[in-house]
Amino acid sequence: MSLDAPCLGASPDGKVIDVGCSSPFGLLKVKCPKTKFLVTSLDACSESSFFLENVNDEPKLKCNHNYYAQVQGLMRVTGIR
């Protein structure tokens, strides 16, 4: 629940802690489309409708995909940057 907007809530799938980073706390949101479970994330990026894109050989969430707004909302509600 957001402290400054109590009508908003979020349900991340997990918390990530990496004490070796300058911002050691993060969120985890899992998306596993059943049509892509046999290929790597980078291989799935070759399909234009997939929610990730290949950026310098790393899968990145597309900014124009609906999941992007969901992830940004999770970050806003929880205060994770």
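Modeller: I will describe a residue as buried when its relative accessible area is under 20%, as exposed when over 50%, and as partly exposed in between, using a 1.4 Å probe and protein chains only. This is a predicted model, in which local features need pLDDT of at least 70 and side-chain atom pairs count only at pLDDT 80 or more, while totals for chains, interfaces and linings use all residues. Residues are numbered from 1 along each chain as its sequence is written, and side-chain values use heavy atoms, with hydrogens and water left out.

A salt bridge here is a side-chain nitrogen of Lys or Arg within 4 Å of a carboxyl oxygen of Asp or Glu. The search of the whole structure finds three of them. Helices (H or I, at least four residues) and strands (E, at least two) are DSSP runs, numbered from the N terminus.

Start with K29 and D13, whose closest N and O atoms are 3.7 Å apart. D13 is partly exposed, with 42% relative accessibility. K29 is also partly exposed, at 26%.

Next come K36 and E47, with an N to O distance of 2.4 Å. This pair links distant parts of the chain, eleven residues apart: K36 is in the loop between β2 and α1, and E47 is in the loop between α1 and β3 (52-55). K36 is buried, at 18% relative accessible area, whereas E47 is partly exposed, at 35% relative accessibility.

The remaining pair is E58 and K60, with 3.5 Å from N to O. E58 has 44% relative accessibility and counts as partly exposed; K60, at 38%, is partly exposed too.

The surroundings of E58 are worth a look. Two strands pair if DSSP finds at least two bridges between them. Strand β4 (residues 58-61) runs antiparallel to β3 and is joined to it by four bridges.
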